[in-house]
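Subject: Structure handover

Hello,

Here is the structure you will be taking over. My notes on it follow below.

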Amino acid sequence: MQSEPETVCNVAISFDRCKITSVTCSCGNKDIFYCAHVVALSLYRIRKPDQVKLHLPISETLFQMNRDQLQKFVQYLITVHHTEVLPTAQKLADEILSQNSEINQVHGAPDPTAGASIDDENCWHLDEEQVQEQVKLFLSQGGYHGSGKQLNLLFAKVREMLKMRDSNGARMLTLITEQFMADPRLSLWRQQGTTMTDKYRQLWDELGALWMCIVLNPHCKLEQKSSWLKQLKKWNNVDVCPWEDGNHGNELPNLTNALPQGANANQENLGQCKSLEYQHLPSHKFLEEGESYLTLAVEVALIGLGQQRIMPDGLYAQEKICRNEEQLISKLQEVELDDTLVKIFRKQAVFLLEGGPYSGLGEVIHRESVPMHTFAKYLFTSLLPHDAELAYKTALRAMRLLVLESTAPSGDLSRPHHIASVVPNRYPRWFTLSHIESQQCELASTMLTAAKGDVRRLETVLESIQKNIHSSSHIFKLAQDAFKIATLMDSLPDITLLKVSLELGLQ
């Protein structure tokens, strides 16, 4: 800027195999990233390589000098920088002239200009002290002055490093995590039995997600993974380390943050246009003929969504389950299904239906298993045009909500609709139950719409609704939905669907 006086900075940059391995600058600016002067010199070196003279390592140049030249070289060097180097020069001279000195026990001498051996590790320069200082500063600000944004920028930098396979990614995340663990507020919250803010917990979530990326990285060596496991266990054993499920059992539900209801909840966030196009890129090592990175990614996503898992204790963790599931499904919806992907959907649906205790769509599941309504609705709509039988089988299996099943039922169970008179044993710690029930209702409504005109399927869906849905308001909503679908303007009323509407209305 014009108001600032021009300053000259002394900058030194060391390179090793196209990486900047160390930097020094006399400007004294302290930051995690390189100062403007280092960046300027780097760009100058890239854009005008001919202007930066390339020298042999200094040890090679010295080797070519005779005794007189060497003496002249040393004396001139000391004269130019006598205030800085004279004490060091005298000390080294004394050690070299001493027969028993440590310096004389070592063969040769170091050369900072020679570069590293081809087998040596090389990584980009990272000022570890500055990373720690900056994270400590951001955390001390407690989310004010844009500190949360700054921390997210650091997380983004770690992601960028991981993408570039830069080993500093893990180093930087370790430094960040250590500062998070040292945050004095953790012990304060623990003593007071209060919960951390949602914004702060989201930062911890991002820490966990990044560590997952690191430990699952297929390019890492076993010894690295072993050291990370040791480190993660060490952090996990610290008393103040936050729990994913909640804040040490003292968390009170903040039901004002309830999840959005209904079919448009995510819009029985997606405002940006879907500009991404997913394509099949062939995998170098085929597991089976026709597989690509896309098919593998889709299959892994389906496996993950279908896993049986127990509902966690805390409100935040329960909301997180719903959020993560909906985010993953929204990603999958951006992928256009072709014949190859439809085969994968079929295969996974069958696996999940026939799977044992690992599957959330298995025949027998734990009473507190996280429901599969949202995932099953996605599977149903995806499979319906290609394999209607499998689509219905999957959706009907997912309709159950066992946590609401009473352990001691009362009333006449010979007729299905009398099940509504059973007082359900609602677990108070299922804080997202209303959201889950609305998703169950959405799944049922989707099946009713698809089954219009098919008497057998409509009766099966009706039985499933009467058996599994316990909320009178949702049964009434389905009665309304069935009536609307049955009396659409462009066709004759569907008598079976009208009967379904009547049955549900009576119930």
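The largest nonpolar core has 48 residues, and Leu302, Phe375, Leu448 and Ile465 have the most contacts inside it. A nonpolar core here is a set of buried Ala, Val, Leu, Ile, Met, Phe, Trp, Tyr and Cys residues joined through side-chain atoms within 4.5 Å. Buried means under 20% relative accessible area, exposed means over 50%, and partly exposed is in between (1.4 Å probe, protein chains only). Another core, of 33 residues, lies apart from the largest one and includes Met196, Cys220, Trp228 and Cys241.

Please keep in mind that this is a predicted model: local features need pLDDT of at least 70, side-chain atom pairs count only at pLDDT 80 or more, and totals for chains, interfaces and linings use all residues. Residues are numbered from 1 along each chain as its sequence is written, and side-chain values use heavy atoms, with hydrogens and water left out.

Leu448 is in contact (heavy atoms within 4.5 Å) with Leu458, Val461, Ile465, Leu478, Ala482, Ile485, Leu497 and Val500, leaving aside its neighbours within four places in sequence.

Next, helix α15. Helices (H or I, at least four residues) and strands (E, at least two) are DSSP runs, numbered from the N terminus. In α15, the buried residues are Leu390, Ala391, Tyr392, Thr394, Ala395 and Ala398. They pack against α13 (339-354), α14 (373-383), α16 (433-450) and α17.

Then the charged pairs. Side chains of opposite charge can pair when their charged atoms come close. Counting as a salt bridge any side-chain nitrogen of Lys or Arg within 4 Å of a carboxyl oxygen of Asp or Glu, there are 15 salt bridges.

One of them joins Arg456 to Glu389, with the closest N and O atoms 3.7 Å apart. This pair links distant parts of the chain, since Arg456 is in helix α17 (residues 455-468) and Glu389 in helix α15 (residues 388-398), 67 residues apart. Glu389 is partly exposed, at 46% relative accessibility. A network of salt bridges links Glu389, Asp454, Arg456 and Arg457.

Another salt bridge is between Glu206 and Arg159 (3.1 Å, N to O). Glu206 lies in helix α9 (residues 198-215) and Arg159 in helix α6, so the pair ties together parts that are 47 residues apart in sequence. Arg159 is partly exposed, with a relative accessible area of 37%.

Glu160 also forms a salt bridge, with Lys157, at 3.7 Å between the closest N and O atoms. Both residues lie in helix α6 (residues 147-163), three residues apart, about one turn of the helix.

Regards
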